[in-house]
Amino acid sequence: MIKPLTCLFFLTASLSFAQSPPKPYGALPAARQIGWHETEVYGIMHFTPTTFENKEWGYGDADPKTFNPSDFNAEQIVLAAKAGGLKGIVLVAKHHDGFALWPTKTTDYNITKSPFRGGKGDLVREVADAARKHGLKFGVYCSPWDRNNAKYGTPEYLKIYREQLRELYTNYGELFMSWHDGANGGDGYYGGAREKRSIDNTTYYQWDSTWTNLTRKLQPSANIFSDIGWDVRWAGNEDGSVNETSWATLTPKPSEGQNVAVPGQANATENPGGTRGGKFWIPAECDVPLRKGWFYHPNEKPKSPDKLFDLYLKSVGRGAALDLGLAPDTRGQLHADDVAALKTFGNRLSETFSINLAAKATSKAVNVRGYNSVYSAKNLLDNKSETYWATDDDFKTPEVIIDLGQAATFDIVCLQEYIKLGQRIEEFAVDTWENNAWKEICKGTSIGAKRLIKLEVPVTAQKVRLRITKSPVSIALSEFGLYKDSE
């Protein structure tokens, strides 16, 4: 009896091992970051007295009565964003000029002192309600630099700023982002002082305690964005793109002469590409204004739909997210040109990615983890983010053949890793079967949440082969897609 029992034990143990998922690799995303990756494209909306001054940066001395939109319509803005494929809106609730768009108790320089809604308006509320009504996520940006506040630069101001965050965190529902940047300290109005004030931004804002004791406790689902990131990092530019090789992991580095990496004092040279094997999962946001500037200027035009599609490929298509700057005009609405550009861009996204030409294909992989169908390569084609093709631990460079059943023409290749187990793959290549031989049509490095490769010319083929050519561990690949650009 001993031998059969021993065999049964080893068989059971073997099956159990074979059915276990791959061990996680490196830094992993939190649940809120998974939700952020799924958002992909969102907007950041700038609308303060600066809009009515036709400036990019408000000094903090504009009369509150300057803020007087003739026909503010939050739904018009949100619907235009939704038509553009945007899935969220981050509202600049307070920019560097210090003007608060909600009836805050922290400063008199706020929307109640303007003619808007007879002094009883709350623009943050209107945008938040419109966003949620139409299925968009909502987030806020409250600038730490305040060029209006007389107490800026003193310990008293930090209390004011934290109270502003607390108001925004507790009165406007669940937020998907708490957005911050590194612009702080300089010349300003400062309650009439009209002077330049400098602060040590490595210590003044006490970001660790601000984000730990306020953001994480009051808005645990909110992703914290800054130039070095806690959850999401700045891409290192305002061009709307990251490097072709861009890792979701990052080890923030202090700037020269600094002991700690903090917003405004970080060495962001690694931001466009991230850090392979970085200490933290901090993916990149690619922020870029829809027009030339972040605020509305009548002499500017929006970017073309072609340009926006190219930016999508160079941001979302490289594992990052695209954050488009939306600038309402003095009416308080998006200009017709902006609406048209967004709609055409959104239509192109929808028409291009609505049909995966590989969705009904068959797949044949050289290796499946433990011969278990749970990890089958057919998971690549099921359009389900929670399923994935995985290989045995010692099988790091597998390949899979996708048979479309009949020839199809495509010019975009899409790959997605199962990032809950980390960013594992380092190099890959894609081939098509032509004239009884495999021909390489593209190759790449980082994949992560999503990788899109636009081919120089469309390709027609029935069989496609994906090769993973470099990976330090076994793979966990969630999706494979072939698409034809609708344009």
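User: How do the residues lining the largest pocket divide by type?

Analyst: They divide into 16 nonpolar, 13 polar and eight charged. Bear in mind that this is a predicted model.

User: How many residues is that, and which lie nearest the centre?

Analyst: The lining has 37 residues, and Glu40, Lys87, Asn383, Gln416 and Lys450 lie nearest the centre of the pocket.

User: What volume does the largest pocket have?

Analyst: About 1,000 Å³ of space lies in it.

User: How does one find empty space like that?

Analyst: A probe the size of a water molecule is rolled over the atoms, and this shows where empty space is left.

User: Which element gives the most to the lining?

Analyst: That is β21, with five residues. The elements that each supply at least two residues of the lining are α2 (31-39), α9 (336-353), β17 (399-417) and β21 (476-483).

User: Switching to the inside. Which residues touch the most other members in the largest nonpolar core?

Analyst: Phe72, Leu123, Val124, Val127 and Phe138 do, in a core of 71 residues. Apart from that core lies another one of 29 residues, including Leu380, Val413, Ile468 and Leu477.

User: Back to Val127. What does it touch?

Analyst: Leaving out residues up to four places away in sequence, Val127 touches Met45, Phe72, Ala74, Val78, Ile89, Leu91 and Phe138.

User: Now the rings. How many aromatic pairs are there?

Analyst: A search of the whole structure finds 28. One of them is Phe67 with Phe99, a tilted pair with 5.5 Å centre to centre and 40 degrees between the planes.

User: Where do Phe67 and Phe99 lie?

Analyst: Phe67 is in the loop between α3 (49-53) and α4 (74-83), while Phe99 is in the loop between β2 (88-94) and α5 (123-133), so the pair ties together parts that are 32 residues apart in sequence.

User: Is Phe67 buried or exposed?

Analyst: Phe67 counts as buried because its relative accessibility is 0%. Phe99 also counts as buried, at 0% relative accessibility.

User: Phe99 pairs with Tyr109 as well; what kind of pair is that?

Analyst: The ring centres of Phe99 and Tyr109 are 5.3 Å apart and the planes are at 85 degrees, so the pair is edge-to-face. Both residues are buried.

User: Which residues form the aromatic cluster?

Analyst: Tyr152, Tyr157, Tyr161, Tyr190, Tyr204, Tyr205, Trp207, Trp211 and Trp230 form one cluster.

How values were computed:
Residues numbered from 1 in each chain as written. Predicted model: local features only at pLDDT ≥ 70, side-chain atom pairs only at ≥ 80, totals over all residues. Heavy atoms only, no water. 1 Å grid on protein atoms, 1.4 Å probe; cavity = no way out; pocket = protein on both sides within 12 Å on 5 of 7 lines; lining within 4 Å. Points joined across faces, edges and corners; volume = space filled by probe spheres on them. Helix = DSSP H or I, 4+ residues; strand = E, 2+ residues; numbered from the N terminus. Nonpolar A, V, L, I, M, F, W, Y, C, P; charged D, E, K, R; others polar. Core = buried A, V, L, I, M, F, W, Y, C linked by side-chain atoms within 4.5 Å. Buried < 20%, exposed > 50% of the residue type's maximum accessible area, 1.4 Å probe, protein only. Contact = heavy atoms within 4.5 Å. Phe/Tyr/Trp six-rings, centres within 6.5 Å; stacked < 30°, edge-to-face > 60°.
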